[in-house]
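Visitor: I would like to learn how to read salt bridges in a protein model. Please take me through some cases.

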Amino acid sequence: MSLSFEQAANKLMVALDFPDAEQAKGLIQTLEGIPCYMKVGMQLFYASGPDFVKELKSRGYSVFLDLKMHDIPNTVKGGARSITRLGVDMFNLHAAGGLKMMTAAQDGIQAALEDDSSLKKPLLIAVTQLTSTNQETLNREIGIPGSVEQSVLAYAALAQKAGLDGVVASPLEVQAIKGQCGTAFMTVTPGIRPAGSESGDQSRTLTPGQAIGQGTDYIVVGRPITAASDPREAAEQIIEEMRQA
């Protein structure tokens, strides 16, 4: 059975990769009425800060704060506490930080919830390998042996052990992650490129329909929407492709 428009839109995360809030607001206005997630990454958050996240929440959007925390456990705990106070729906960290760092983030979330019982517990996910990472980068530059998929699965297992809700991975690894960690373990997949669009700096990509067909929970799409001549039409075409997957 195909997804409804709303169900498919809820699985779409639009990457607001803009240098300032004004440009991001222009896109948000264009997409008004489409119930997608909004992903706020480093560029926009460092420029516009928590106030922009709060504005997105006031507009009724689900927000994925994509800051990819990676630091000593105590620092990540404090960061997770602050992020939880913002009221975001999802945020992430690097699985490469290790088990103690990931469990410290969980402690930070819990501390924020104890401070303010009105807060909702955000989903916490771990980055496995960036979708720009290929075999040569993994082995020769990062210094991790084996295949990209082996590394992704190892990090997914570690994230699950830490009690996280899921991982960020390329759509090519979704079935392997679900097979290892169970279907309830969430996958968020960047590296989504509609048919005919350029891959850019992504190395491991699939189309929206293919990614949903693999069983992923959310797809992240940036430039194919944000750089399109008609962003709303581009988003609606992606949602329609997801519906028919």
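Guide: Start with a group: salt bridges link Glu22, Lys25, Glu55 and Arg59 in a network. A salt bridge here is a side-chain nitrogen of Lys or Arg within 4 Å of a carboxyl oxygen of Asp or Glu. This is a predicted model, in which local features need pLDDT of at least 70 and side-chain atom pairs count only at pLDDT 80 or more, while totals for chains, interfaces and linings use all residues. Residues are numbered from 1 along each chain as its sequence is written, and side-chain values use heavy atoms, with hydrogens and water left out.

Visitor: How many salt bridges does the structure hold?

Guide: There are 13 salt bridges. In general, side chains of opposite charge can pair when their charged atoms come close.

Visitor: Which residue forms a salt bridge with Asp89?

Guide: Lys120 does, with the closest N and O atoms 3.5 Å apart. Asp89 lies in the loop between H4 and strand E4 (90–94) and Lys120 in the loop between H5 and strand E5 (123–127), so the pair ties together parts 31 residues apart in sequence. Helices (H or I, at least four residues) and strands (E, at least two) are DSSP runs, numbered from the N terminus.

Visitor: Is Asp89 buried or exposed?

Guide: Asp89 is buried, at 8% relative accessible area, whereas Lys120 is exposed, at 58%. Buried means under 20% relative accessible area, exposed over 50%, and partly exposed in between (1.4 Å probe, protein chains only).

Visitor: Where do Arg140 and Glu136 lie?

Guide: Both are in helix H6 (residues 135–142), 4 residues apart, about one turn of the helix.
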